[in-house]
Amino acid sequence: MTKSLYQLILVHFKTFFREPGILFWAILFPILMAWVLGVAFSNKSETLQTVYVIGAAAPEQITGEKIFGTETGNPFRIRFREAAEEEAVRAIKRGIIALYVEVRGSSLVYHFDPHNPDAQLLHLVLDRGMSGIRSNGSIEALQAKGTRYIDFLIPGLIALGIMNACLWGIGWTLIETRMKKLMRRMVATPMKLSVFLSSHIITRIILGGVETLLLFVFAWLYFGTTITGSVPAFIVLFVAGVLAFAGIGILTASRTAKTEIGNGLINAVTLTMMILSGVFFNYHNFPDWTIPVIQALPLTVLADAIRAIFIEGAGFAEMIKPIAILLATGLVTFTVGLRIFKWY
Amino acid sequence: MNKTPVIEINGVSKSFKDVKAVNHLSLTIYEGEYVALLGPNGAGKTTLIEMIEGIQKPDEGSIAILGMSWKTHAQKLHRAIGLSLQETRFIDKITTEETLNLFGSFYGLGQRRTEEILDLVNLKEKRKAYTVTLSGGQKQRLALGIALLNNPKILLLDEPTTGLDPAARREIWKILEKLRSDLGTTMILTTHYMEEAEVLCERILIMDKGQFIAQGTLSELNAKHGEGDLIEISFGNNFDIEALGLSGIKKLNWIAPHTKVQIFVDNIAEVLPAVINSAKTKNIKIEELLSRKMTLDDLFISMTGRHLHD
Ligand SMILES: Nc1ncnc2c1ncn2[C@@H]1O[C@H](COP(=O)(O)OP(=O)(O)OP(=O)(O)O)[C@@H](O)[C@H]1O
Ligand SMILES: [Mg+2]
């Protein structure tokens, strides 16, 4: 029995490492994504933004190029340009500018989309710079660790990697094995079904662990990402995450023998969660009533819990709830999946 | 022959939606017997053999193997049976040797057995080749090798030689014949090739539309259904042979109305000259003439009007 478990895991490993495509998507792609997004969103130490000025003649402070907000440690270099009103409106629609200022008599009126966080920030910076009065809700420096976009992103990417490893690595492989009639051939031997399924789960724990480690090492070396909370708690959380998504993978793969349908099913599950669960952007931008639903998704639970450990310094105490939810998800989906599983 | 029943099938049926794939079949196979299931596409061969393998469940009827049923003794039966499916693809980027090691591990076997099998099915040069790169015949041999890993008492092979060239087919026959003489294996094999059935199997079951339409040894089948010869003639003009009232004709089978015919006869020497003579006197041109001993395929056509393979 241990012999067949060993052989099965060996075979899973070999297929993983012999397929350059799998290697790329599972290991290199998340690192590339972290790099591209991390660089794109974190080089804001001195941003150059353009602001249009319309209306009467502009006061000296808002002409040419000025630097605002130096006292926050997050200086904004702003280039002011005079423009006609319709030109400014068009530029906002096209995303060229986030905000324009109207000079109306002796006062300034700011025009911007209040839902656009960039514009809000710009407004605050400008407003403070213009009045010279410190508002009581002062703006915090955005470069402190834990508030950078990359620190938000890395835990999300780790969670996403675990989900994809399980749904594609287990779910897809099971469907393909069934499609090739290899599954019925294997089931027609004394091979134990429990050994067969465990081999998949153990493989994903090991390979997923390697993927996570590589991604983390990259983020640590390149962006200085650290784990502020408990590392053992993170390891337990990781295993719980694999078990949850392994269950979901097995449920997804329980019936179909058609790879096209399998493709669709797995995409439906992974894309929905990837978009909703705030891997790349905070899900609090979704309407309020959806938030409880989103927070119940396993990917949200996992990503939020990893963030709590990485950024907020959480330990085992804070992890009890997410780990319990993930284990329960795994158990339920695994049980249901196994009950309706088509072995032949 | 030793008359211990190994496989006992009793009133087994299986339907898919509107198709009755297997229709109330009963069959007993004895120890050491090699049995061929012969029949056209869709006859129900795969359905029947997969029910014996425990892969499909019969709607009704019972199957006992070595006195055990799938419900109660699945593990033991898995150990006793070796099988190959009509179509299995292996893991693409896993080599022949690794595939054998994997399946071997399910039986608690190791590298040594893998070596023996590589030798037996003649895949030694291909041991390091990924299964996806194997030719059709090599894949079939690998599938057979896996079926033989556990030295099975019972071998169930679904079209093990389909798509192979004649030499490769003979090679597989040789392996199977050796198993019979060395180990006394019991085997059921499905095939479209009557030659394969004739060479390998003492008992032949001809299957069509979910039922056995004839069974026995080749000579029994011939004696009962088709002893004799066959003449195939094409004429230049319409020729109504029936009107001649020739004696010695068992059956006429028009391939093209009034111009091409198969005549099943007891004795060629008796019928053929009469046909040729009357064609000559009626000034009908004979364009093609062929006569030979009956084969199982001819037998099948004479029973169902269809070919075994197409
Ligand atoms: N899973 C299935 N669903 C629906 N119909 C099926 C299924 N399996 C078999 N059939 C039908 O049952 C009949 C018998 O099929 P089976 O595969 O047993 O034939 P076969 O004798 O093995 O044919 P072949 O020589 O082509 O392999 C066919 O009409 C087939 O269409
Ligand atoms: Mg078949």
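Mentor: In chain B of this predicted model, 6 strands form an open sheet with mixed pairing, in the order β5-β6-β7-β3-β8-β9, where strands (E, at least two residues) and helices (H or I, at least four) are DSSP runs numbered from the N terminus, and two strands pair if DSSP finds at least two bridges between them. At the edges stand β5 (81-84) and β9 (211-216) of chain B, each with a single partner strand, so one side of each is left without a neighbour in the sheet. On average, neighbouring strands of this sheet are turned by 15° against each other, direction ignored, the axes being lines fitted to C-alpha atoms, for helices over the stretch in contact, with angles running from 0 to 180 degrees between N-to-C directions. Within the sheet, strand β3 (residues 34-38) of chain B runs parallel to strand β8 (residues 203-208) of chain B, and 4 bridges join them; B:L37 stands opposite B:L205 in β8(B). Helix α2 (residues 70-80) of chain B packs on the sheet, where it touches β5 and β6 (154-158) of chain B, and its direction makes about 80° with that of β5(B); contact here means heavy atoms within 4.5 Å.

As for conventions, residues are numbered from 1 along each chain as its sequence is written, while chains are lettered from A and ligands numbered from 1 in the order in which they are written. Because the model is predicted, local features need pLDDT of at least 70 and side-chain atom pairs count only at pLDDT 80 or more, whereas totals for chains, interfaces and linings use all residues, and side-chain values use heavy atoms, with hydrogens and water left out.
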